[in-house]
Amino acid sequence: MNDRVVVAGAVYDRGRLLAARRSAPPELAGRWELPGGKLEPGESGEQALVRELREELGVETEPLERIPGEWPLKPGYVLRVWTARLVSGVPAPLQDHDELRWLGPGESDAVDWLDQDLPAVAEAMRRLPDG
Ligand code: 523
């Protein structure tokens with residue numbers, strides 16, 4: 001059986017990367033992630049990413065490129081990550097999150113990332129565009 005895909009975005013704006021602190025479920029609350037969510041039937045990864053970032057943060061984004069790789073989550077789920085550019089809006093923690101932070105170069109260790117997000121975060125930081 002195929003694993004269900006969870007998409008997440010390494011959202012850039014002005015040379016910084018967006019980090020989001022989860023407020024649920026209890027076992028993940030307080031840890032930081034690249035925001036996103038589950039792919040729905042019929043969606044491409046990029047479409048799901050744009051939808052999730054709109055729903056959860058109230059922003060419009062443009063996917064840039066897929067970060068190579070796929071990371072296991074809870075049984076039956078895998079994580080895929082895209083870099084993305086903030087197109088419009090100011091991110092707000094509308095759903096699933098209770099705090100947001102923009103991290104500049106060298107600041108990726110400033111928050112307690114979910115273990116499963118760490119490889120993609122490291123690569124997203126390497127790809128951080130100039131401000
Ligand atoms: N992760 C995760 N890292 C990460 C994301 C976006 C999600 O480890 N960057 C995990 C957390 C959950 C699962 O993937 O175990 C689904 O993510 P979730 O809850 O953000 O997906 P949604 O928003 O689609 O979930 P529901 O609205 O609850 O269906």
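Q: Which element gives the most to the shell around the ligand?
A: This is a predicted model, so to speak: local features need pLDDT of at least 70 and side-chain atom pairs 80 or more, while totals for chains, interfaces and linings use all residues. Numbering runs from 1 along each chain as written, and side-chain values use heavy atoms, without hydrogens or water. With three residues, the top contributor is E4.

Q: How many residues surround the ligand?
A: Among the closest are Arg-22, Leu-34, Lys-38, Gln-116 and Asp-117 (near means a heavy atom within 4 Å). By class, the shell has seven nonpolar, three polar and eight charged residues (Asp, Glu, Lys and Arg are charged; Ala, Val, Leu, Ile, Met, Phe, Trp, Tyr, Cys and Pro nonpolar; the others, Gly included, polar).

Q: How much of the ligand's 600 Å² does the protein bury?
A: Start with the polar contacts (N or O pairs within 3.5 Å): a backbone N or O atom of Leu-34 is 2.7 Å from a ligand nitrogen, and a polar backbone atom of Gly-36 is 3.5 Å from a ligand oxygen. The side chain of Gln-116 also places an N or O atom 2.8 Å from a ligand oxygen. Of the 600 Å² the ligand exposes alone (Shrake-Rupley, 1.4 Å probe), the protein buries 78%.

Q: What is the volume of the largest pocket?
A: The ligand takes up the space of this pocket (more than half of its atoms lie within 2 Å of the grid points). A pocket here is an open set of points on a 1 Å grid where a 1.4 Å probe fits, with protein on both sides within 12 Å along at least five of seven lines; lining residues come within 4 Å of a point. The lining has 25 residues, with Val-6, Arg-22, Leu-28, Glu-33 and Lys-74 nearest the centre, and it splits into 11 nonpolar, four polar and 10 charged. The volume, as the space filled by probe spheres set on the points, is about 530 Å³.

Q: Which peptide bond is cis, with omega near -15°?
A: Most peptide bonds are trans. Pro-25 lies in the loop between strand E2 (16–22) and strand E3 (32–33). The cis bond runs from Ala-24 to Pro-25.

Key: Polar contact = N/O pair within 3.5 Å; in protein donor to acceptor, adjacent residues only side chain to side chain. Helix = DSSP H or I, 4+ residues; strand = E, 2+ residues; numbered from the N terminus.
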